[in-house]
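Please read this report alongside the sequence and the coordinates. It takes up overall composition, then helix packing, then individual residues.

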Amino acid sequence: NPNPNPNPNPNPNPNPNPNPNPAMVGAASRRGLLLLLALLAPDLSVLLPHRVGAHPAAPRLRRWFTRRLQAQVEPQEGELGGRRESAHLKLQTIGAKPDQKEGEKDEAEDEGGWALLEHIARDGRVFACAGSPPDATEFTLWLRSLDLGFESDDDPISITRQRLGDTEEDMGRLRLLWKTRRLLVQDRDLLNQITIRGSQFRDHLFAYAKRMRTQLAHEPSFNVSTLTLSLNASVSDLDEFRPKPDDPEETRARLGRLLQLFRERLPYYYDRCLSCGNDKDNIFLGVVAAEPDEAVAKAGRVEVHACSACGSATRFPRTNDVTEILKARRGRCGEYSVAMHQVLAFLGYDVRWIVDWADHVWVEVHLDSGSEKDWVHCDPCEASLGEPLLYESWGKNQTYILAFAPTYVQDVTSRYTSNMTAAVARRELSAREFDSLLNNATSYLRGERETIFED
């Protein structure tokens, strides 16, 4: 996901079938076991290394996790509404907070807008958490993972709270905290305001066009040995995935095999703990700026997840470096669409990058289709080839779906929806404004201008 929602919402669909489902019974048993361990397990922090994640917050995390389990509603069978099971859709249920009780108000409803939590460390540095509203417990867990000199888990942490506006003064302050890696962000729109200085269509359009111009438009530069290692294949094996110009059907078959292998060897990452391997009920804390070594690997932002089993804090850099993606074998649609774009270009395919403003990214490949060539949908996360209406079946409300190539940006929304009229009605821009911005983005990609914002 190019802009993953720090607080995704679940989409429950109650199961009308009264008969118990074995998988659900097993899940309930596992939750009961985890609850027992959370109550009885000793402090695990002494067994774990720091940075990848051990922090001395295990007891506090266990108490938080216990309350979370007690409040959590068991997910129902068919929660995807009968739609085809999808790695991308599953992400929407990861890290979701328990439903509020009837009559209970969210802090954001009382205050309105964003808020900021602050803690002043012993050395005088200010650390903060911003959201709508920010979560004090998660902020505390993040602080305890930073080695700020807390003597014990019971060492009190003083936190102050204040409202935030979208003024230049407030945004400037947040950007300074972000730049110095002392800000945890828990709201996607606020994150966009901080990192790309806007959350409107044109801001995202420029960010995607910039990625195409500065990275994807160039010759693939990833380490081929890393590709063969990640796919568990030899260099000669890669030839079996190259296009066969005189045989369109075989070319499609090769693409299909590559997609299957790619998804098998590079699984979709949710929040698995890098310390103990646990991937159940981990806690999404928020997004922080990349450390210098992560920034070198073209990561601008990093997700932080707390493990419900061992108390570790795992960092997930959202990187665009294909070699790093292949080496880590850890990514989502944002990482894997970029990797697949470069891998397909390396293998000899004509490929372009597709961005859906409804929160997904994939590629298209130019293939023979009968007597002429056509662009064909190709999604590495779903191992899906030529299924453009797949996302509509997920229940997504498409507005803008754009194709980015080295020399142009093109609106391809009509390929991916059966109701283009509804998609256009949901757009925030007039047709004239939309066309003007696409023309400017095309000029930017061709090097004819350095921004897309001026007519």
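The following text describes the model from its overall make-up down to single residues.

This is a predicted model, in which local features need pLDDT of at least 70, side-chain atom pairs count only at pLDDT 80 or more, and totals for chains, interfaces and linings use all residues. Residues are numbered from 1 along each chain as its sequence is written, and side-chain values use heavy atoms, with hydrogens and water left out.

**Overall composition**

The protein contains 17 helices and 13 strands, where helices (H or I, at least four residues) and strands (E, at least two) are DSSP runs numbered from the N terminus. Of its 455 residues, 49% are buried, a term that stands for under 20% relative accessible area, with exposed meaning over 50% and partly exposed the range in between (1.4 Å probe, protein chains only). Among the contacts in the protein with a separation of 6 or more, 64% are between residues 24 or more positions apart, contact meaning heavy atoms within 4.5 Å.

| Helix | Length | Span, first to last C-alpha | Expected span |
|---|---|---|---|
| H11 | 18 residues | 26 Å | 26 Å |
| H17 | 15 residues | 21 Å | 21 Å |

Helix H11 covers residues 248-265, and its buried residues are Thr251, Arg254, Leu255, Leu258, Leu259, Leu261, Phe262 and Arg265. In H17 (residues 431-445), the buried residues are Phe434, Leu437, Leu438, Asn440, Ala441, Thr442, Ser443, Tyr444 and Leu445. These buried residues of H17 pack against H8, strand S12 (401-405) and strand S13 (408-411). After H17 comes Gly447, which has a positive phi near 80°.

**Helix packing**

Two packed helices are described by the angle between their axes and the distance between the axes. Here axes are lines fitted to C-alpha atoms, for helices over the stretch in contact, and angles run from 0 to 180 degrees between N-to-C directions. Angles under 35 degrees count as roughly parallel, over 145 as roughly antiparallel, 65 to 115 as roughly perpendicular and the rest as oblique.

Helix H8 (residues 201-216) packs with H17 at an angle of about 25°, and their axes are 10 Å apart, which means that H8 is roughly parallel to H17. The crossing of H8 and H17 is right-handed, a label given if the near helix is turned clockwise from the far one by less than a right angle, anticlockwise being left-handed. On the H8 side the contact involves Phe201, Arg202, Leu205, Phe206, Ala209, Lys210, Met212 and Arg213, which meet Phe434, Leu437, Leu438, Ala441, Tyr444 and Leu445 in H17. By class, this contact of H8 with H17 has 11 nonpolar, no polar and three charged residues, with Ala, Val, Leu, Ile, Met, Phe, Trp, Tyr, Cys and Pro counted as nonpolar, Asp, Glu, Lys and Arg as charged, and the others, Gly among them, as polar.

Helix H9 (residues 224-231) packs with H11 at an angle of about 80°, with the axes 9 Å apart, and H9 and H11 are therefore roughly perpendicular to each other. Leu229, Ser230 and Leu231 of H9 make this contact with Leu258, Leu261, Phe262 and Arg265 of H11. The contact of H9 with H11 has five nonpolar, one polar and one charged residues by class.

**Individual residues**

Pro220 is placed in the loop between H8 and H9 and is partly exposed, with a relative accessible area of 25%. Although Pro220 and Gln342 are 122 residues apart in sequence, they are 5.4 Å apart in space, C-alpha to C-alpha. Leaving aside neighbours within four places in sequence, Pro220 is in contact with Gln342, Ala345 and Phe346.

Arg188 lies in helix H7 (residues 188-195) and counts as partly exposed at 26% relative accessibility. Its C-alpha atom is separated by 9.6 Å from that of Gly286, 98 residues apart along the chain.

Most residues other than glycine have a negative phi, and most peptide bonds are trans. The peptide bond from Ser132 to Pro133 is cis, with omega near -5°, and Pro133 lies in the loop between strand S2 (126-131) and helix H5 (136-144). Asp147, in the loop between H5 and strand S3 (160-164), has a positive phi near 55° and counts as exposed at 60% relative accessibility. Asp359 also has a positive phi, of about 85°, and is found in the loop between strand S8 (351-356) and strand S9 (360-369).

Definitions and conventions:
Expected span 1.5 Å × (residues − 1).
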